[in-house]
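Biologist: I'd like to talk through this protein with you before I plan anything around it. Can you put the model up and walk me through it?

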Amino acid sequence: MDTKAYEKLLELFILLFVMSVLSASPEVCTNSLIPGDKGDQGEIGDVGETGIMGKTGPPGHPGNAGDAGIKGDVGHIGKMGPLGYKVLLGLRETGERYYLLVKEAKMFQEASMNCRLRGGVLAMPKTTTINQILADYISQAGLTRVHVGVKANSDNNGTRSYTYSDSSPLQTFRGWSDSLPSTNSSCVELLSSGTWAHTECDNSMFYICEFPKSRRRGGPTPTLTS
């Protein structure tokens with residue numbers, strides 16, 4: 001028998017042997033894995049440790065305003081402070097008198113009465129020094145003019161004379177401007193420049209009251225607040 005015939009015969013023999021073995025086994029081999037039935041749930045494990053803190057996130061949107069809280073109880077009363085003064089800040093004074101600028105617009109007669117009710121009179125610029133003090137007072141207050149205690153009076157012959165608030169006649173000092181216009185107005189206003197001018201008595205404007213310091217020793221205390 002030649003070699004090729006022998007090899008074919010051997011291959012046939014091996015094939016028959018394998019087929020006989022496969023036909024004799026009741027089980028079929030396969031490479032497929034078939035999953036089994038689902039098992040019972042296991043026990044829950046212990047809680048783990050807290051993890052590492054993460055990065056801070058962006059701020060959230062502002063929430064709605066909450067309800068107002070209940071009003072608290074009244075606190076304890078504090079200690080009584082020192083007595084205050086009845087003197088307005090910015091008051092002007094000389095050795096004998098106080099001067100108070102009242103920032104309440106009134107007509108001449110009302111202003112004069114108000115000063116008397118306070119214990120004084122409308123300010124009387126009787127000297128150059130007093131006139132300048134009052135003018136500076138007006139200017140520093142940011143005003144241009146005020147009522148002062150100077151007024152014209154006419155006698156039966158039509159002659160005009162001027163008196164102060166205390167009814168004394170006008171003294172040597174006069175604050176009229178060089179170009180004083182002729183007028184029938186009886187009341188006098190003091191300008192921030194220090195000049196006097198006639199004004200209608202019905203004009204409402206601020207005014208300055210004056211108070212003698214001697215009144216503070218014996219008489220009633222003047223009201224120096226505006």
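**Surface, fold and salt bridges**

Modeller: The protein exposes about 17,600 Å², with carbon and sulfur atoms supplying 54% of that area; accessible areas come from the Shrake-Rupley method with a 1.4 Å probe, and for residues only the protein chains shown count as cover. Keep in mind that this is a predicted model, where local features need pLDDT of at least 70 and side-chain atom pairs count only at pLDDT 80 or more, while totals for chains, interfaces and linings use all residues. Residues are numbered from 1 along each chain as its sequence is written, and side-chain values use heavy atoms, leaving out hydrogens and water.

Biologist: What pattern does the protein follow, read along the sequence?

Modeller: There are three helices and eight strands. Both are DSSP runs numbered from the N terminus: helices are H or I with at least four residues, strands are E with at least two. Read along the sequence, the order is α-β-β-α-β-α-β-β-β-β-β.

Biologist: What share of the 226 residues is buried?

Modeller: Buried means under 20% relative accessible area, exposed over 50%, and partly exposed in between, using a 1.4 Å probe and protein chains only. For the 226 residues here, the buried share is 27%.

Biologist: Among contacts between residues at least 6 apart in sequence, what percentage join residues at least 24 apart?

Modeller: A contact means heavy atoms within 4.5 Å. Of the contacts in the protein between residues at least 6 apart, those joining residues at least 24 apart come to 68%.

Biologist: Which residue does E189 meet in a salt bridge?

Modeller: E189 sits in strand β6, residues 187–191, and counts as buried because its relative accessibility is 4%. A salt bridge is a side-chain nitrogen of Lys or Arg within 4 Å of a carboxyl oxygen of Asp or Glu. The neighbours that E189 touches, not counting residues up to four places away in sequence, include V146, W196 and H198. Its salt-bridge partner, at 2.5 Å from N to O, is R145.

Biologist: How many residues apart in sequence are E189 and R145?

Modeller: R145 is partly exposed, with a relative accessible area of 39%. E189 lies in strand β6 and R145 in strand β4 (residues 145–154), so their pairing ties together parts whose separation in sequence is 44 residues.

Biologist: How many salt bridges turn up in the whole structure?

Modeller: Side chains of opposite charge can pair when their charged atoms come close. One of the pairs is D166 with K126, the closest N and O atoms being 2.9 Å apart. That pair links distant parts of the chain, 40 residues apart, with D166 in the loop between β5 (160–164) and β6 and K126 in the loop between β3 (121–122) and α3 (128–140). A search of the whole structure puts the count at five.
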